[in-house]
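This report describes the two chains shown below and how they meet.

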Amino acid sequence: MAKKKKIEGLVDFAILSMKYKTRLTKKFENRIKYEDPNFDLIKSYIPGTILEIYVKEGDKVKAGKSLLILEAMKMRNQIAMPRDGVIKSINVVTGDKIPKNHVMIEIE
Amino acid sequence: MSLKKHILDLRKRKEQVQKGGGDKAIEKQVARGKQTARARILALVDKDSFTEFDLFVEHEARDFGMDKKQLHGDGVIIGTGTIYGAPICIFAQDFTVEGGSLGLMHARKITKIMDHALKMRVPLIGINDSGGARIQEGVNALAGYGEIFYRNTMASGVIPQISVILGPCAGGAVYSPALTDFVFVVDKISKMFITGPSVIESVLGEKISMEDLGGARVHAETTGNAHFFSDSEAECFDQIKKLITFIPWNNSKKAKTFPPKQPKFKGNIEDLIPSDPKQPYDVRDVIKGIVDDSDFFEIQELWAANIVIGFGRLNGETVGFVANQPLVLAGVLDCDSSDKAARFIRYCDAFNIPIVTLEDMPGYLPGADQEHAGVIRHGAKVLYAYSEATVPKVTVILRKAYGGGYIAMNSRHLGADFMFAWPMAEIAVMGPEGAANIIFRKDIEEAEDADAMRAIKVQEYKDKFANPYVAAAKGYIDSVIEPNETRALLLHAIEVSINKDDHRPAKKHGIPPF
């Protein structure tokens, strides 16, 4: 049999029960890995600017109360408390420009 | 004026207008590493074949001081020509004239040559190099884009449409290339995006360079918007010319045939492939071992490389190849590779190009990101495209065809005309290890030496199912073949399929999952 050329950059790659030798793509390596959602972390669903903050750490807040205004695409988005709880920490200040999925407020 | 004077006057006028935006603007264009629009056309078409239309068109804008501006040809050059003797229509935006911006007359020229291409049933090539809509012309510019998109859609599947991005192509302008069949980009020169870096930064606060946002490499590797990537305009034009040799002029013709040639590859084709289905190899080597002159013209080489698509010739006739690539992500189907294969299959079907599928298929890519990105919807495109296609469809199963992947890759059940399998092909619901673990779970659990028992049961399953003969016994595979017979049998399959006449139920159009 002809001598095969050595293939570089191979890794183990499992599909079902088979483990293949193959290369990965940049896109695959950079994929966003799934995490269980944590509803106590209030994240920005769109990149934008913090215009106003209505609560402070330690506040007891009822579900539905406005926590802050996140301006994005020229719209003032009201971010509301998802459930009754306490503000554990606030990670933004007025005027902050934040990316998507930035943890703005943590509640407990 | 004497006749002679008229002729001299015409020459003078032509010379003036052909300079486009003038010497200074041309100097700037060249300094950016770009050729002028006219030089590009002349570099692309056969010598002395370019015939220009509408050289003397002038814009009609009257506002914002535009009435005092003369824009030669209104920033775009259109005409007809030939490439290796094949007639084509072409337009090239001229960045030296008002940044190649698109106004009403500019758009009229483009739609005129598009109409001409469609009427004449010849390929259309568009060279895009434009700053975008000419803002001074307001909604007229937008109307122009819309009329171009409409014609792109009308011409789709009737004549080949090729877009060449040789400069910025931003905002609405990107949608014309996106509607065409093949998009060519050149490193450092091509830029495509809907909203540019400055808008993204001001609205979203995200900083990104133009190159990282929508440079040639991004579209060739990440987005899949581009089909061909090159390092220079000259290389890009060579790619376009080569593509033109592989495709027909329109959907009622076949691609030109060339004198048949043997592959350059000499040797045993099975030696290219490790017999262990878990070991990788480059499936392009197999294609090159089969096609005429070992000349395989790959499309979207850098994007979704886990599937390989492209053109080659068998006995001089153009054939479209679709092949799983074990070298990358084990050759799985995922969202991107499904998208890539499905569109190519539909292209081949529209333009009477037989499809050869080389299958070495481990299944679909598992992962929450894939499921959430819609691998169901994207994967369905492959099923749709293969089922819908009425051109000759031939499949060769090289080493494995597991699960849903077996069905998707042009199986008999989706209407394959010829199903060949190499003798080592494993055709099964899943790999032997997985299958044995499920079927013989109890035996394995209860055994004293579970691993030894598992090995026995895996072998048992392999002997029984992981071969092509179970499928062949049902007629799902027409023929189990020796690898070295592959080329001869493919040649035969294409030859005897020449009169294939397969019809679909009459309908306005189907609803493919895109």
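## A loop residue in chain A

Val55(A) sits in the loop that links S4 to strand S5 (60–61) of chain A. In this predicted model, Val55(A) has 18 other C-beta atoms within 10 Å and is therefore partly exposed; the cut-off for a buried residue is 20 or more. Beyond its neighbours within four places in sequence, Val55(A) is in contact with Val61(A), Leu67(A) and Ile87(A).

Ile69(A) is 14 residues away from Val55(A) in sequence, and the C-alpha atoms of the two are 11 Å apart in space. Ile69(A) belongs to S6(A), where it is the bridge partner of Glu52(A).

## Strand pairing around S4 of chain A

Strand S4 (residues 48–53) of chain A is joined by two bridges to strand S9 (residues 97–98) of chain A, and the two run antiparallel. Within S9(A), Lys97(A) is the residue opposite Thr49(A). S4(A) also pairs with strand S6 (residues 66–72) of chain A, again in the antiparallel sense, over four bridges. Strands of a sheet pair through backbone hydrogen bonds, in either a parallel or an antiparallel manner.

## Chain A as a whole

Chain A contains one helix and 10 strands. Read from the N terminus, its elements follow the order β-β-α-β-β-β-β-β-β-β-β. Chain A is more spread out than a compact globule, because its radius of gyration is 22 Å, well over the 13 Å that the globule rule gives for 108 residues.

The C-alpha trace of chain A spans about 75 × 30 × 20 Å along its principal axes. Of the 108 residues in chain A, 17% are buried. Among the contacts in chain A with a separation of 6 or more, 48% are between residues 24 or more positions apart.

## Where chain A meets chain B

Between the chains, 25 residues of chain A are in contact with 27 residues of chain B. On the chain A side, the elements giving two or more residues are strand S1 (11–15), strand S2 (18–22) and helix H1 (26–29). S2(A) gives the most to this side, with five residues. By class, the residues on the chain A side are 16 nonpolar, three polar and six charged.

S2 of chain A also takes part in covering a helix of chain B. Helix H16 (residues 432–439) of chain B has four buried residues listed by name: Pro432(B), Gly434(B), Ala435(B) and Ala436(B). The cover over the buried residues of H16(B) includes S2 of chain A, along with strand S16 (426–428) and helix H18 (450–464) of chain B.

## Chain B as a whole

Chain B has 20 helices and 17 strands. Its C-alpha trace spans about 105 × 55 × 45 Å along the principal axes. Buried residues account for 48% of the 514 residues in chain B. For contacts in chain B with a separation of 6 or more, 74% come from residues 24 or more positions apart.

## The seven-stranded sheet of chain B

Seven strands of chain B form an open sheet in the order S1-S2-S3-S4-S5-S7-S9, with mixed pairing. Strand S1 (51–53) and strand S9 (228–230) of chain B are its edge strands, each pairing on one side only. Direction ignored, neighbouring strands of this sheet are turned by 20° against each other on average.

One parallel pair is formed by strand S5 (residues 161–165) and strand S7 (residues 182–186) of chain B, joined by four bridges. Val183(B) in S7(B) is the bridge partner of Ser163(B). Helix H10 (residues 233–246) of chain B packs on the sheet and touches S2, S3, S4, S5, S7 and S9 of chain B, and its direction makes about 160° with that of S7(B).

H4(B) lies across S1, strand S2 (76–83), strand S3 (86–93) and strand S4 (124–128) of chain B, at about 20° to S2(B).

Helix H4 (residues 104–120) of chain B also packs against helix H5 (residues 139–155) of chain B, with the axes 9 Å apart and at an angle of about 10°. H4(B) and H5(B) are therefore roughly parallel to each other. Residues making this contact include Ile110(B), Met114(B) and Leu118(B) of H4(B), and Tyr145(B), Ile148(B) and Arg151(B) of H5(B). The contact of H4(B) with H5(B) has 10 nonpolar, four polar and three charged residues.

Methods
Residues are numbered from 1 along each chain as its sequence is written. Chains are lettered from A and ligands numbered from 1 in the order in which they are written. This is a predicted model: local features need pLDDT of at least 70, side-chain atom pairs count only at pLDDT 80 or more; totals for chains, interfaces and linings use all residues. The radius of gyration is taken over C-alpha atoms; the globule rule is 2.2 Å times the number of residues to the power 0.38. A residue is buried if 20 or more other C-beta atoms lie within 10 Å of its own, exposed if 12 or fewer, and partly exposed in between; C-beta atoms are placed from the backbone. Two residues are in contact if their C-beta atoms, placed from the backbone, lie within 7 Å. Ala, Val, Leu, Ile, Met, Phe, Trp, Tyr, Cys and Pro count as nonpolar, Asp, Glu, Lys and Arg as charged, and the others, Gly among them, as polar. Two strands pair if DSSP finds at least two bridges between them. Axes are lines fitted to C-alpha atoms, for helices over the stretch in contact, and angles run from 0 to 180 degrees between N-to-C directions. Angles under 35 degrees count as roughly parallel, over 145 as roughly antiparallel, 65 to 115 as roughly perpendicular and the rest as oblique.
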